[in-house]
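Let's take a friendly walk through a protein model together. Have a look at the picture first, and then we will go through some of its parts one by one.

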Protein chains: 2
Amino acid sequence: MSSIAEHLAKKQKEISVSEFFERNRQILGFDSLTKALIMAVKEAVDNALDACEESGILPDIYVRLDKVDDKEYRMTVEDNGPGIVPTMIPNVFGRLLFGSRFHAIRQSRGQQGIGISATVMYGQITTGKPARITSKTEADKPAAVKLIMVNTKHNTPDIVGPAPPNDYIMWEGKEHGTRVEINLNGRYIASKQSVFEYLKQTAIVNPHASMTFVDPDGRTFSFPRAHDKLPPATKDIKPHPEGLELGTLMNLGRATRTKNVKDFLQSDFSRISERLAKEIVERAGLRESTKAPSMDLEQYKALLGAMQSVKYLAPSTDCLSPIGEALIRKGLKNDLEDLKPEFYTPPVTRAPKVFGGNPFQVEVGIVYGGSIPSDQPVTILRFANRVPLLYQQGACVLTKSVESVDWRRYGLEQRGGSGIPFGPAMILVHVASTKVPFTSEAKEAVAAIPEIQAELELALRECGRRLKVHLNKKETKTRTKAKFEIVQEILPLIAQKSAKIVGKPVPPLSGTITKIMNVVWIDDAVSYEKRRHRVRVDIYNYTPKQMRFNLHAVIPPEATTLLKAEPRPVQVKDDGKVTWELKPIRSTDKFTVSMELEGLEPEMYDENELYASGIDPSMIIGADPLPGDWDVARLQVTEVPASQEEPAEEEEVDYDEQTEALNDD
Amino acid sequence: MSSIAEHLAKKQKEISVSEFFERNRQILGFDSLTKALIMAVKEAVDNALDACEESGILPDIYVRLDKVDDKEYRMTVEDNGPGIVPTMIPNVFGRLLFGSRFHAIRQSRGQQGIGISATVMYGQITTGKPARITSKTEADKPAAVKLIMVNTKHNTPDIVGPAPPNDYIMWEGKEHGTRVEINLNGRYIASKQSVFEYLKQTAIVNPHASMTFVDPDGRTFSFPRAHDKLPPATKDIKPHPEGLELGTLMNLGRATRTKNVKDFLQSDFSRISERLAKEIVERAGLRESTKAPSMDLEQYKALLGAMQSVKYLAPSTDCLSPIGEALIRKGLKNDLEDLKPEFYTPPVTRAPKVFGGNPFQVEVGIVYGGSIPSDQPVTILRFANRVPLLYQQGACVLTKSVESVDWRRYGLEQRGGSGIPFGPAMILVHVASTKVPFTSEAKEAVAAIPEIQAELELALRECGRRLKVHLNKKETKTRTKAKFEIVQEILPLIAQKSAKIVGKPVPPLSGTITKIMNVVWIDDAVSYEKRRHRVRVDIYNYTPKQMRFNLHAVIPPEATTLLKAEPRPVQVKDDGKVTWELKPIRSTDKFTVSMELEGLEPEMYDENELYASGIDPSMIIGADPLPGDWDVARLQVTEVPASQEEPAEEEEVDYDEQTEALNDD
C-alpha cells in the first residue's frame, strides 16, 4: 500500500481560496445568469451603504446596468462615501478574504471580505475583463483609477492598468466617493427576484438612503430618501461571554496583553465588571495573579465552567442598528403604497439577545389587506442587517420561524397549523447581528440557530396578536352592526304588526332594543391635521344599565407631547400606554374621549389600539380585553392624585413631564 | 474624507481561511450540537470511502462514538484504506483548502479539501483538544501517530505530539489503514437526522462497503456488504468544452504547454479531435500556429465563440460512477426490507450530460406501498456522489425537481400539481458529477443549475411513469375483477329468475358474459428457483371474437441468458426489450407465454413490465399500451427469420448470441 499512499501524496496540494471559489461560484450565489446580476449589484450597493454609514454620510447611490452584448452587461455603482485610499484598492477588489469588518464585533452588511472581490472574479471569468475602480478621498485632489483582476492561482490582486499618468483623473462635481465598474455575463429580468426588487426592498429597510437605478433600457427609477437621519453609528464591542466556546476562550487567553486572568476577563470581554471577574476566578479555583497565556487545558476548562455559571447583562445595544418600529412602518408605507393595504400592524422590535457570544436583535412587521392577494401564501420579506434576502427562502431560519407559528390563531389560513400561511398579508422579518450566521458566502439565508429562531417566533407571535386585535375589532364590529340593523328594522315591524292584531298602540321599543343588543359600542378615529394627530373615541351604552369601566390606549412612544386629553387619563406610561378611569355612562347615553398628539409623522399613527378593563369583555364592541401583561397592579401605584382628576381649566393640558420618558428609548 | 479613508484603510486586513470558518462554522454545517456529530462522522467516512475506492480496496469501516462528558464526545473512524504518508498527515488534517481531489476532474466524495480539517478545527474550538491520527501504509512497518491542531491565524497545521519515539506504534492485525480520533462537542440523537440514518443511507448507495457502528451506549450496528464488487474506478478527464467560460479558457490557454492553439484544443480538452480542432481554429479566424499563451482578449473571445458553435460528443462516462439501476434496487431492498414495500419501480439512470464543462449523471428510484405511511409527504432520499444529504432539503435542486413534477399524473396526491407529493412512497434521487455544485461548504444541498434540474425532471417523470404502469395495472385488475365477480354471480341469478317467470329453460351464459366483459385478461408471475427467474404470462380471451396482438416485456439487461422462451420471441433488443407476435387466440381460450432468465440476483427482477400493441388498448387488462418511444418500426428490421419461429426441438433454447449485447453497457 505504500506505493498507493505515496502516489496519493504527490497529488495533495494547497488550494487557493480564489481557485476554490472560481470552481464553486454557486456558493457565492453566482449560479445562474439572472442571479449573477443581482449578486453583483447587491455586493456593490452593500459596500457603498456600509462605507457611507461608517463615515456619517447620508448615502446617495447610483446604479446602472448597460447591455454590452447578448450576454455581457456593464455594471456601474457609484456612491458618495469616503473613497478608498489608492494603495488599498487592489486588495479590496482583487483579493478574497480581505476586509475591514471581519474582526469588528458590530453590525455591518459586509463582514466576510469576499463579496466584491468575488464579483470582480466572476466578471473576469465570464468576460475576461478587469474591474475599473475610481475613488476620490478629498474634494481638492484628483481621483485614483485602477483596473483590477484577481490572480486566482495565488489569491492576489493584479493591477492591469491604466498606465500613469492615466491612473489619476479629475472627477468634477464629486467631493468624495467610489465608482465600481464591472463587466459580467448576466441576464436582466424585471420580475420578482430582480435587481429592481432588491433595490426596492433595500429602500424599505434603509429609508435614510437615496438610490437611483438606470436599467438596461435606459429607464431611470428613483428611490428617494424617506428619512433624513442616519441610523445611529454602530460601535465595536468586545466578545460577550455568553455561549463562548473553549477553543475561542483559549485563543483569546493566549493572545491577551493583560497581566493576569482577572484583568483578562475584565478587559477582553463585554459585561464583566471587576467584581464579576473576581467571582469567576474564584469559582474556577484559579489565582487572580495567574497569567492567562500560560494556563493549561484543564485550567481553561475550569475558567469556562465558571464563566458559564454566572449571569450577565444583555449586550449593549450600540453595536446593533435595528430599523426600529417607526421606520419599519414608514419604510413599508413608502414602498407598498400602491397595494393600499388596509392595516399595518405596529411592528415589533425585540430587545437584543446573544447566540454564541454574538449579540442580535429581531424585528417583525405585518401588512394586511388592500390589494394583497388573499388566495396565495403570504409574502415574506426577509432582511439581515438591513439587506434584503431574495433567494434560498426555504433554507432560511426567517422562513422556518414563520412556518412554525400557528397563524390560524391570528386570523390567517394555514393547513395543519404549520407552514407558510395563506392570506392577504406580507410579513417583514429582520435579523440584525454583529455576526449574521449565513448558511453560505452568498449570504442568501440565515442558519437555524436555536436562539435566533426562538426570538423570531416570539416577535412573530406578538405581531400576529396585533394583527388579530385588528381583525377581531373589524369582525365583531361587522357582526354587531349587522345585528343592530336587523334589530332596528325588524323589531318595529313586528311591534306594528302585533299591535295591529291585538288592536293596541305600538309600544316604545328603545328599551327593548338595548336589552337585545346589550353591548357597549365604541367608535374611534384618528385624523392628522396641522402637525397633530387627533384621536376621538365615542362610547355608546346600548345596555339597559349604567356602565362604568377603564379605557386603555397605546400611543407611539415617539410622540413628544400629549395635548387636550379629555377626560384626563389617570396614567401615561413611558411605553405609550394610557389609561382612563371613565365615569359611569347611563343606559343609551354616549360619552366621548379625545386627545391630541404632537411629534409624530403622519404615517406613524393611523389606528387606535384600544383595550377595556373592569367590564365583562363580551359586552364591549370596539376594544379588546386588557391583556394580562399590562400589569394593572402597577396602575394603582402610579395613579394620578385625585385632585388632578378635576376638569382642567387651561385649554391645553401639557403632559410634557409625564411623556418626557417616552423618548428615553 | 481623506482622514476617514485613511482610518478605514488601517483596519483593512487579510483574513485567514481558517479564521473565516472558525467564525462562520455554520457554513461548514457545524451550526448545532446534533449536526456537529453527523458532520464529523460524514467527513471522516466520506474520506475513508474515497481512499479505499481510489486504491481498489473493498471498504471496511468502523465508526464509534464515546461520550466523554455532558457535551463532549470522542469520535473514532477507522478504515482499511491505503493509509497516508506521515509527512502529509499534518496538511491533510490541519489545513483548510488542502487536498488531492480538488484539481481532478472525476467523481469523488471529497472535492473541497475542507471537510476533515474543518472537523479537526471544530473539535479543537469546542474541546481544546487535538485530533489524533494513526496511519499505516505497509503491513510490515509500524504506524505513524500524530496529534494535530489547526493554527487558525495562519491556516497551517500544528503538530502538538506525541514526542518520539511515541510517534510510531505497532498496529497489530492491520495491514494498512487510517484511524481518525477527534474530540468534539455534540449531542447524540437516534432520530430521522442522525449518525445512524447517515450510515444507513450511505449503505443504500454504497452496497460494496461494509460498515460497523458503535453508538455512545456501546450498542453495535452492522451494515454488511451487499455486493462484493467495487464500482469501476473513476478516471481523471480533461475539461469538456461545453459551457466553458471565457476566463477559464484564458486561464487554460495561458498555462498550456502545447506549442500552438490547435494542439491546445486537441490536448487540453475532452472530445476535441484533430479534425474538430482544425475546424474550430478556422471558424475562429485564427492561424493554427498561433501560440495560445500570447493570444489577446479578442482572440480568446473569437476562439470561445467558435468552440461554442460546434457539437461535441457527450463526456466519456469513466469519470463518473453512478450506482446503476440494479444496485439502486438492491441497495433499497437491502435497507428498506422492514417497510415491506409493495413495489420498487425499475430505477432510472440517465446518460451523462454536461453543465459548465462538468459531466454529470442523475439517477432516480421509487419505492411504493407496504408500511410507508400514505397520509404524509413522500420521503425524498437525496444523494450526491453516493453521499446522503440529510439537511437543507428545501434549498436543494433534488427537492425542487421533485416539487416541480406533476405527480398527480403518476398516481400520487399533490395539491395544485406542484410541491412535495403525498402518498406511500419514497423517492431516491442521486446526482453524480465530477463537480457537484453544492450551495455551501457543508455540502448539504445542490444548487439549482438548470441543466441538472432538467435531467432530474426527466428521470423523475420516467420513474413516475413506471410507477403509474404498476398502479394502473393494479387498479384496472382490481376494478375488472370486481366486475367479473358481479357479472358471474348476478347474471346466472337473473337468468334463472327470468327463465322461471317466462317458464323457459335457463339459457347458456358464457357467450353473454364474454360479451359483457369484452376484455383480454393477462395474469403474470415471476418466481425464482434454482438460480433462475421463471416468468409466466397467462392470456385469457374474454371477448366474443378471436384476438391477435403483440406482447412486449422488459427484462433487466443484466440477465446473461434467456432460456425456454415459449413461444419464441420475434425480437430481443440489447436494452432488454422482448417482443412476441402472438398467434390468434380464440374467444374464451387461454394462451400462455413463458420464459426463464439466468444471471440475475433474486431481487433484481420481481415484477413484469408488460405492454401490448396491435390491439385496442382499452380491451387489455394486465398490460399497458406500448409507449411511442419503443420504435416499433425497428421491429421489422431485426425480426427473427421465419424459419426460427418453428417450435425449437432442443429442451434449452440458448439465446446467448442475441443477449450477449445485453451486457455491453
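Let's begin with a pair of residues: B:Val535 stands opposite B:Met595, which lies in strand 25 of chain B. The model is a predicted one, in which local features need pLDDT of at least 70 and side-chain atom pairs count only at pLDDT 80 or more, while totals for chains, interfaces and linings use all residues. Residues are numbered from 1 along each chain as its sequence is written, and chains are lettered from A and ligands numbered from 1 in the order in which they are written.

**A sheet in chain B**

Strands here are DSSP runs (E, at least two residues), as are helices (H or I, at least four residues), and both are numbered from the N terminus. Two strands pair if DSSP finds at least two bridges between them. In chain B, five strands make an open sheet in the order 22-25-20-19-27, with mixed pairing. At the edges are strand 22 (561-566) and strand 27 (620-621) of chain B, each of which pairs on one side only.

| Strands of chain B | Bridges | Direction | Facing residues |
|---|---|---|---|
| Strand 19 (519-529) and strand 20 (532-542) | 11 bridges | antiparallel | B:Ser527 and B:Arg534 |
| Strand 20 and strand 25 (590-598) | nine bridges | antiparallel | B:Val535 and B:Met595 |

**Where the chains touch**

How many residues does the contact take from chain B and from chain A? The contact takes 62 residues from chain B and 62 residues from chain A, where two residues are in contact if their C-beta atoms, placed from the backbone, lie within 7 Å. On the side of chain B that touches chain A, the largest share is seven residues from helix 1 of chain B. That side divides into 29 nonpolar, 23 polar and 10 charged residues. In this grouping, Ala, Val, Leu, Ile, Met, Phe, Trp, Tyr, Cys and Pro count as nonpolar, Asp, Glu, Lys and Arg as charged, and the others, Gly among them, as polar.

Chain A has 16 helices and 28 strands. Its C-alpha atoms fill a box of roughly 115 × 70 × 65 Å along the principal axes.

Helix 8 (residues 261-268) and helix 9 (residues 274-283) of chain A pack at an angle of about 135°, with their axes 9 Å apart. The axes are lines fitted to C-alpha atoms, for helices over the stretch in contact, and angles run from 0 to 180 degrees between N-to-C directions. Helix 8 and helix 9 of chain A are therefore oblique to each other, since angles under 35 degrees count as roughly parallel, over 145 as roughly antiparallel, 65 to 115 as roughly perpendicular and the rest as oblique. Among the residues that meet are A:Val261 and A:Leu265 in helix 8 and A:Ala277 and A:Ile280 in helix 9 of chain A.

**A loop residue**

A:Lys545 sits in the loop between strand 20 (532-542) and strand 21 (550-554) of chain A. A:Lys545 and A:Ser587 are 42 residues apart in sequence, yet 5.1 Å apart in space, C-alpha to C-alpha.
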